[in-house]
Amino acid sequence: MTTFQTSYIHCPNCNEKMYAYELTSYLLNNTEVYSDGKVEASNPILLDEILLCVHCESPMWKEDVFEGNDEEIDYDNTKEALHISDLFPPFMEDSEQKTINYFLKILDSDFTDKSIREIYIRMKLWHLLNDKRRSLKSTVPRFFKRLINKISKKKPESRFQDYNLYFKPNLIRLLQIYKPENGEELLLKAEMHREIGDFEQALQCLNNVEGLGNENMFDAIKRAVRRKEYEVFRL
Ligand SMILES: [Zn+2]
């Protein structure tokens, strides 16, 4: 069951009051899982770590502002905090690119003040950039994609438009700061190497993975590394 609590929060920038939700438990069911760790959740904004002030649109880290007292909220007279997806709704022109630009902007600001926060934003960016090609995945079987790539001898750079500009630099930086602490995280690191075509490094990470609860993802990523595939895929 998914449960959450509601709390008043105050914007560190303008000090105005609003309310926000915090998850207390979350159950993933009927979700799609991808090799880059993205999970298609039914209510993804509940998982957001970043909120925006509804009054001045400043970004805030949820953990900095959430007080967690389960108070009675005066919904008629208080507004709800915004999410980044509210700034750039899907129907807006270039919504994807605008969201990417927004993440790049906050990465470059004082808002990203700890490496754990930089990792969070860069993971979001990674998933967002993959979203542009992720949708193809379910309709084009991987077998055919592999065949097409083999025949056309496509270079990684031509994979998609943002590869050199955003995708590769983002993963290279992520690999510098991401320090896996368990088998799942090491598997994710292998996936980062794989998606920029560092198959040797990916294999090295995979050789050190231990203690996984579920081996499916491990086997699928290892197979993809052996075949020198670099695309994100759905499990
Ligand atoms: Zn504000």
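Select helix α6 (residues 163-177) and helix α7 (residues 183-195) in this predicted model. Their axes come within 10 Å and cross at roughly 150°. Angles over 145 degrees count as roughly antiparallel, so α6 is roughly antiparallel to α7. The crossing of the two helices is left-handed.

Now show side chains at this contact. On α6, pick Leu171, Leu174 and Leu175. They meet Lys189, Met192 and Glu195 of α7. By class, the contact of α6 with α7 has four nonpolar residues, two charged ones and no polar ones.

Next, the largest nonpolar core. It holds 21 residues. Select Leu125, Leu129, Leu187, Ala190, Cys205 and Leu206, which touch the most other members. Then colour the helices that supply at least two residues each to this core: α3 (95-107), α4 (115-137), α6, α7, α8 (199-207) and α9 (216-226).

Stop at Cys205. What is cysteine 205 in contact with, leaving aside its neighbours within four places in sequence? Select Leu186, Lys189, Ala190 and His193. Of these contacts, Lys189 also takes part in the meeting of α7 with α6.

Move to another core, which lies apart from the largest one. It has nine residues, including Ile9, Met18, Ala20 and Ala81. In soluble globular proteins, nonpolar side chains tend to be buried together.

Finally, zoom out to the whole protein. It has nine helices and six strands. Buried residues make up 20% of its 235 residues. Of the contacts with a separation of 6 or more, 65% are between residues 24 or more positions apart.

Conventions:
Residues numbered from 1 in each chain as written. Predicted model: local features only at pLDDT ≥ 70, side-chain atom pairs only at ≥ 80, totals over all residues. Axes fitted to C-alpha atoms, helices over the stretch in contact; angles between N-to-C directions. Helix = DSSP H or I, 4+ residues; strand = E, 2+ residues; numbered from the N terminus. Parallel < 35°, antiparallel > 145°, perpendicular 65-115°, else oblique. Left-handed = near helix turned anticlockwise from the far one by under 90°. Contact = placed C-beta atoms within 7 Å. Nonpolar A, V, L, I, M, F, W, Y, C, P; charged D, E, K, R; others polar. Buried ≥ 20, exposed ≤ 12 C-beta atoms within 10 Å, placed from the backbone. Core = buried A, V, L, I, M, F, W, Y, C linked by C-beta atoms within 7 Å.
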